[in-house]
Amino acid sequence: MWTHYSKKNPVPAAVYQEIFKLLCEAIPDKKRRDSAAQRSLVLHSSYNLYVWQDNGVVAVMATWEYPNIRFIEHFVVAAGARGKGLGTQMLNDYLKKSEIPVVLETELAESSAMAARRLAFYKRNGFLESSIAYQQPPLQKGAHWLSMELMSWPQKVDGEEFMTVCKLLYREVYGLSSFSIAEACSYAQE
């Protein structure tokens, strides 16, 4: 069973330390925030942490939930718990509770064998790839924009809806200004 932490139900400091340790083990520095920035997110009313514990933190899903869309920012399962169906169970439980579209970013399949496995996992669980190039803004100073796949459930997000989603993510999740958003949203239709 998972525990839901949010602004209304703050994550205890000891549990947060385990969560951040798992994020660090599973996600490269350039694809996650530093500890202070990550910790500050729990004060945001749209930010949620779903945590599976079994003698410690075993899996974490970090989400941003808005009236018309949900965004899974991070979803990690501890290395020792992978391949046992926990990730599929957590993701499917989350999707069953969602009556609105869910989007997520994932690395391009060609970037690594693990990225290809993640992409296949999301496809098996009903996520669809956008046909539009997507860039994730830098999460740490000195980092660069990253080419990523924007995936969605239960239907593909493309065209005008894609732009609406990008603007929401860039503004709310990544804190970009209007100027930065306009620049970032110059995308190439495939």
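Leaving aside its neighbours within four places in sequence, which residues is His74 in contact with? I will come back to that after the overview.

This is a predicted model, in which local features need pLDDT of at least 70 and side-chain atom pairs count only at pLDDT 80 or more, while totals for chains, interfaces and linings use all residues. Residues are numbered from 1 along each chain as its sequence is written, and side-chain values use heavy atoms, with hydrogens and water left out.

The fold, then. The chain has 6 helices and 8 strands. Both are DSSP runs numbered from the N terminus, with helices being H or I of at least four residues and strands being E of at least two. In sequence order the pattern reads β-α-α-β-β-β-α-β-α-β-β-β-α-α. The radius of gyration is 16 Å, close to the 16 Å from the globule rule for 190 residues, so the chain is as compact as a globular protein of that length. That radius is taken over C-alpha atoms, and the rule is 2.2 Å times the number of residues to the power 0.38. The C-alpha trace spans about 45 × 35 × 35 Å along its principal axes.

Next, burial and surface. Of the 190 residues, 49% are buried. Buried means under 20% relative accessible area, exposed means over 50%, and partly exposed is in between, with a 1.4 Å probe and protein chains only. The accessible surface comes to about 9,800 Å², and carbon and sulfur atoms hold 53% of that. Those areas come from the Shrake-Rupley method with a 1.4 Å probe, and for residues only the protein chains shown count as cover.

On contacts, meaning heavy atoms within 4.5 Å: among those with a separation of 6 or more, 64% are between residues 24 or more positions apart.

On charge, there are 21 positive and 20 negative side chains, and the centres of the two sets lie 5 Å apart. Lys and Arg count as positive, Asp and Glu as negative, and His and the chain ends are not counted. Each charge is placed at NZ of Lys, CZ of Arg, CG of Asp or CD of Glu.

Now the interior. A nonpolar core here is a set of buried Ala, Val, Leu, Ile, Met, Phe, Trp, Tyr and Cys residues joined through side-chain atoms within 4.5 Å. The largest one has 42 residues, and those touching the most other members are Val11, Ile19, Leu49, Tyr134, Phe162, Leu169 and Tyr174. Two or more residues each come from α1 (13-26), β2 (47-53), β3 (57-65), β4 (70-77), β8 (146-153) and α5 (159-173). The largest share, 8 residues, is from α5. A second, separate core has 23 residues, including Met90, Leu104, Phe121 and Met151.

His74 sits in strand β4 and is buried, at 5% relative accessible area. With neighbours within four places set aside, its contacts are Leu23, Ile27, Lys31, Arg32, Gln38, Val60, Met61 and Ala62.

Thr106, in strand β5 (residues 102-107), is buried at 3%. Beyond four places in sequence, Thr106 touches Arg118, Leu119, Tyr122, Met148, Glu149 and Met151.

The loop between β8 and α5 holds Val157, which is buried at 2%. Val157 and Glu129 are 28 residues apart in sequence, with 8.0 Å from C-alpha to C-alpha. Pro154 lies in that loop between β8 and α5 too, and a cis peptide bond joins Trp153 and Pro154, with omega about 5°.

Is Asp34 buried or partly exposed? At 39% relative accessibility, Asp34 is partly exposed. Its place is the loop between α1 and α2 (35-40). Asp34 is in contact with Phe20 and Gln140, leaving aside neighbours within four places. Its C-alpha is 9.8 Å from that of Lys141, 107 residues away along the chain.

One backbone item to finish. Most residues other than glycine have a negative phi, and most peptide bonds are trans. Asn55, not a glycine, has a positive phi of about 60°. Asn55 is in the loop between β2 and β3 and counts as exposed at 83%.
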